[in-house]
Amino acid sequence: MSFPAPQPVEICASGALTGRVTVPGDKSISHRALMLAGLAVGESRIEGLLEGEDVLATAAAMRAMGATIERGDDGVWRVWGVGVGGLLQPAGALDMGNSGTSTRLLAGLVASHPITATFVGDASLSRRPMGRVIEPLSLMGADINASPGGRLPMMVRGMSPAVPIEYTLPVASAQVKSAVLLAGLNTPGVTRVIEPVLTRDHSERMLAGFGTTLIIESTNRGRIISITGEAELKPQNIVVPGDPSSAAFWAVAASIVPGSEVTIANVGLNPTRAGLFAALRMMGADITEVDPRTVGGEPVADLIVRHAALSAVEVPPDLAPSMIDEYPVLFVATALAKGRTVARGAHELRVKESDRIAAMAAALGACGVAVEEFEDGLAITGTGGDPIPGGATIASLLDHRIAMAMAVAGLVAKQPITIDDATPVATSYPTFFATLEGLRT
C-alpha cells in the first residue's frame, strides 16, 4: 500500500471572503447510496455523488463484490446491483483508505452474506477501533478476526442465514446503527436497533426509499428501528444534497472573517446533521436560509452567512450527535468569540480519524489560544473578534477535518498557520483549497 507524499500548505489572513460556493455531495448519503444501489435489482442513478477518496473506496469495494458502477460523462453515477444476498466473494482485500464509514457499514453488509472479506486501510484508519461494530455483528453470527485492539486489518466471515437481534447502542453512533441495519437486510426475521440518543438518520431514510419494510417507534427506551430482512431493494434515482459538514467550514469562515458574505448553495439541513448551524446561531452568527426545499427526501436550503460578532456559550451536549464531525471548526469559531465557550458531550471525537479533542487542543494552543481540555470536549477562551496569534505548524494527523479547520483558523491569524499535510483533505473535499482561493478574490 503506497501513501502520497505530505503536502504542507501555509494559510495567511487576506481580507474578507465573498462569493457563492457549492459544496460537494453529502459524504454520509453518498456512501449509503452506493451500497444500497449495489444491492438493488436493476439500474440506479446517483447525481451529486461526492467524488472524494472515502466514497470512491466504497465504490471500489462494491465493485469488488459484484456490483457494476460507472460514472458517466454527465457526472451521473449508474449502479447495477446484485440483489440482497447476491454479494460475491472479493478477489482481494478491500482497501478502505481513510474511511471509517466505509469499513463499518460494509462490514455490516458482509456480515450476513456467505462471503469473507478482509478490510485494510491507511495508517489513520488502522488506528481506529472497530470493536463497536464487531460486537453486534458477532451476535448476528459473523466470524470477525481483527488486529489487536479491534483494529484493521480485519477479516469478516459472514453468516448466512444470520441471526436477527435486538441491539441497544451503548454509545450514540450512526455507523454502528447502520452496520446492524445493513446486516439485517439479508437476515431472516426482524432486526431491531434501539438508540437512546438520536443520531443521523440517513440510513433509515434511504432504506425506506429503496423499499425495505422499516418501522420506527419512539419509546421510553429510545428510538427503535426495526427492519424486516430478506428484502428486495428497488432501484432508485438519487440526488445527493450538499454536505453540511463541508458547508460548516465556509459558515464559520464567513462568520469570523470581518467583512465577509458567503452564499453556500444546496446545503443538506437534515435535523440530525444541522447542529453546527444551531450552535453558531446561539453564538450570534448571521445565517439566513434561502429557498428551502426537499431534494432526494432530504431538507435542503441555500445559506447566506455574513460576518458577525460571536459570543461565548455553553454548547448543549445534546447537540453533539447532530454535529459530531463539525466540532473541530466550531472550536475555531469559539476562538474568535467573546468569553469562554464550553463544548462538552463529544466523547466520540476521541475515536475519529484522529483524537480530535486532543488534536484541536494542541493545534489551537500552539496558535496562542487559551484552551482547557476535558475527556469529552474543550473550553476555549476567545479573543472577542481580534486575530489569534497563529504562527504555528499544525500536525493534521492524517485527519481531513483537522486540516480544514486549521486552514480556517489561518484566515484570522496574525501570523501564517502552516498545515503539515493537506493531502487528507481529498478524502472529503478535494476542491477545498481552490474554493477558498475563489472566495478570497
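Which residue lies over the face of F374, and at what distance from the ring centre? In this predicted model, the residue over the face of F374 is R344, at 4.0 Å from the ring centre.

## Salt bridges

A search of the whole structure finds 32 salt bridges. One of them joins R273 to D243, with the closest N and O atoms 3.1 Å apart. This pair links distant parts of the chain, for R273 belongs to the loop between β15 (261-268) and α9 (275-282), while D243 belongs to the loop between β14 (237-239) and α8 (244-256), 30 residues apart. Both R273 and D243 are buried.

A further salt bridge is formed by E372 and R340, where the closest N and O atoms are 2.5 Å apart. Here too distant parts of the chain are linked, since E372 is in strand β20 (residues 370-374) and R340 is in strand β19 (residues 340-343), 32 residues apart. E372 is partly exposed, its relative accessible area being 37%, and R340 is likewise partly exposed, with a value of 43%.

## A salt-bridge network

R356 forms a salt bridge with D399, and the closest N and O atoms of this pair are 2.8 Å apart. R356 is buried, as is D399. Both also belong to a network of salt bridges that links R200, D325, K352, E353, R356 and D399.

Helix α5 (residues 131-139) has V133, I134, P136 and L137 as its buried residues. Just after α5, G141 takes a positive phi of about 115°.

## The hairpin of β16 and β17

Strand β16 (residues 286-295) pairs with strand β17 (residues 298-306) in the antiparallel sense, over eight bridges. Within this pairing, I287 stands opposite V305 in β17. The two strands, β16 and β17, form a hairpin with two residues between them, and G296 in the turn has a positive phi of about 60°.

## Cysteines

How many disulfides does the structure hold? The structure holds zero disulfides. The sulfur of C12 has its closest cysteine sulfur in C367, and because the distance is 12 Å, the two are too far apart for a bond. C12 is partly exposed, with a relative accessible area of 30%, whereas C367 is buried, with a relative accessible area of 1%.

## Aromatic rings

The structure holds six aromatic pairs. In one of them, the rings of Y429 and F432 have their centres 5.6 Å apart and their planes at 75°, so this pair is edge-to-face. Y429 is buried at a relative accessible area of 0%, and F432 also counts as buried, at 0% relative accessibility.

F432 forms an aromatic pair with F433 as well, and this pair is edge-to-face, with 5.0 Å from centre to centre and 85° between the planes. Ring pairs link these residues into a cluster made up of F249, W250, Y429, F432 and F433.

Definitions and conventions. Residues are numbered from 1 along each chain as its sequence is written. This is a predicted model: local features need pLDDT of at least 70, side-chain atom pairs count only at pLDDT 80 or more; totals for chains, interfaces and linings use all residues. Side-chain values use heavy atoms; hydrogens and water are left out. A salt bridge is a side-chain nitrogen of Lys or Arg within 4 Å of a carboxyl oxygen of Asp or Glu. Helices (H or I, at least four residues) and strands (E, at least two) are DSSP runs, numbered from the N terminus. Buried means under 20% relative accessible area, exposed over 50%, partly exposed in between (1.4 Å probe, protein chains only). Two strands pair if DSSP finds at least two bridges between them. A disulfide is a pair of cysteine sulfur atoms within 2.5 Å. Rings of Phe, Tyr and Trp (its six-membered ring) pair if their centres lie within 6.5 Å; planes under 30 degrees apart count as stacked, over 60 as edge-to-face and the rest as tilted. A charge sits over a ring if NZ of Lys or CZ of Arg is within 6 Å of the ring centre and within 35 degrees of the ring normal.
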